[in-house]
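I opened this file to look up the fold, the ligand surroundings and the core. My notes follow the model.

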Amino acid sequence: MRPLRGPSRAGRLLRELGIGTALAAAAAGCGRGGPPASLGERVYERDCASCHGAAGDGAGPAAAFLDPRPRDFRAGRLRYHSGPPGSVPSDADLERVVLRGIPGTAMPGSRWMSEEERRAVVQRVKAFSARFREESPRPPAAVPPDPWADPWADPWGRAHDAAVARGRALYHARGGCADCHPSYLTDPPGDRKRDTKDEDGSLLLPPDFLRQRLKVADTPEGLWRAISWGVGGTAMPAVPEGLSEGEVWALVHYVRSLGRERTRRLWRPGGTG
Ligand code: HEC
Ligand code: HEC
């Protein structure tokens, strides 16, 4: 009988070339279950466990030194996603967080990581929580169009200036934003609320938009969602009743203008931000 040499020879050859596992992972990646957990486990162990803990409990060896603390993945309560409030994040949301990191916290970006590794590690993170088996992410809720349509293309900046002025007024009055975030009616800005905690009990202060980069609301749409719905698991509330969708857009313009002011100050000679 002729021995069935074909497949094993091919397999040996692939192994010798060192591409067997990559191919297997790529092949599995085409299926519905994503790449094999083993790749995700390896990446997780290598790049995430020191902070998020080998068991995904947010208690890795480095965690005690960090503020805010690394997320505990077991409950599956993740904050930065594009779905409606309470939704589990989609794979795309998680991949984005892992790619970009979370500015102003210890959570690093991973632009150097291969896409395959990033996808695999996201599946590993999901496997820590039963929520991802029981629920599916709800689709990103639609963001209404900006009524100050495309002010970035408005050469005189009139629509933009009007939106910023409206947002500034709302922020300091009816929006209630300055109850927690600093007030910018004075220079230097007023103090922010100093005792806001997240659901894990760690101190998580409202950002000062003249000093801090936004964590995830780095697009106008992302900002609109964060302001409309709040950030689940933190003190950041949904916008007060009675503010219209257009007024939320005005707040978006205002917060973005503070971000631009921050960058301008950083680049000013001798500026400290
Ligand atoms: C140096 C420590 C550190 C490392 C390493 C690290 N993280 Fe994080 N991670 C954090 C911290 C701190 C937070 C919480 C930030 C916050 O609450 O704003 C976080 C938050 C997260 C979140 C939560 C996002 C949400 O929506 O709530 C995810 C997902 C995450 N990390 C995945 C990973 C993955 C995957 C890796 C490895 C590739 C990793 N992290 C490596 C510190 C780390
Ligand atoms: C009760 C306190 C409180 C009020 C009121 C409040 N915020 Fe926040 N806000 C927070 C906290 C705390 C965070 C930090 C959340 C985090 O780090 O995940 C935050 C975060 C944010 C972010 C950052 C999202 C990111 O990606 O980094 C924006 C933008 C924001 N708030 C805008 C507003 C606006 C506009 C208002 C008024 C309509 C407002 N907030 C009212 C407490 C508050």
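**Basis.** I am reading a predicted model, in which local features need pLDDT of at least 70 and side-chain atom pairs count only at pLDDT 80 or more, while totals for chains, interfaces and linings use all residues. Residues are numbered from 1 along each chain as its sequence is written, and chains are lettered from A and ligands numbered from 1 in the order in which they are written.

**Chain.** I looked up the secondary structure and found 10 helices and 0 strands; helices (H or I, at least four residues) and strands (E, at least two) are DSSP runs, numbered from the N terminus. Of the 273 residues in the protein chain, 28% are buried, which takes 20 or more other C-beta atoms within 10 Å of the residue's own, with C-beta atoms placed from the backbone. I also checked contacts (C-beta atoms, placed from the backbone, within 7 Å). Among those between residues at least 6 apart in sequence, 57% join residues at least 24 apart.

**Ligand 1.** I counted a residue as near if its C-beta atom, placed from the backbone, lies within 6 Å of the molecule. There are 27 residues around ligand 1, and Cys48, Cys51, Leu78, Tyr80 and Met107 come nearest. Helix 4 (49–52), helix 5 (91–100) and helix 6 (115–127) each give two or more residues to this shell. I sorted the shell into 18 nonpolar, 4 polar and 5 charged residues. Here Ala, Val, Leu, Ile, Met, Phe, Trp, Tyr, Cys and Pro count as nonpolar, Asp, Glu, Lys and Arg as charged, and the others, Gly among them, as polar.

**Ligand 2.** Around ligand 2 I find 28 residues, with Cys177, Cys180, Lys215, Ala217 and Met236 nearest. Helix 9 and helix 10 (245–267) are the elements giving two or more residues. This shell divides into 19 nonpolar, 5 polar and 4 charged.

**Cis bonds.** I noted a cis peptide bond from aspartate 67 to proline 68, with omega near 0°; proline 68 sits in the loop between helix 4 and helix 5. Another cis bond joins aspartate 187 and proline 188, with omega about 5°. Proline 188 is in the loop between helix 8 (158–172) and helix 9 (220–229).

**Core.** Which residues have the most contacts inside the largest nonpolar core? They are Val121, Ile227, Leu251 and Val252, in a core of 41 residues. Such a core is a set of buried Ala, Val, Leu, Ile, Met, Phe, Trp, Tyr and Cys residues joined through C-beta atoms within 7 Å.

Definitions and conventions. A residue is buried if 20 or more other C-beta atoms lie within 10 Å of its own, exposed if 12 or fewer, and partly exposed in between; C-beta atoms are placed from the backbone. Two residues are in contact if their C-beta atoms, placed from the backbone, lie within 7 Å.
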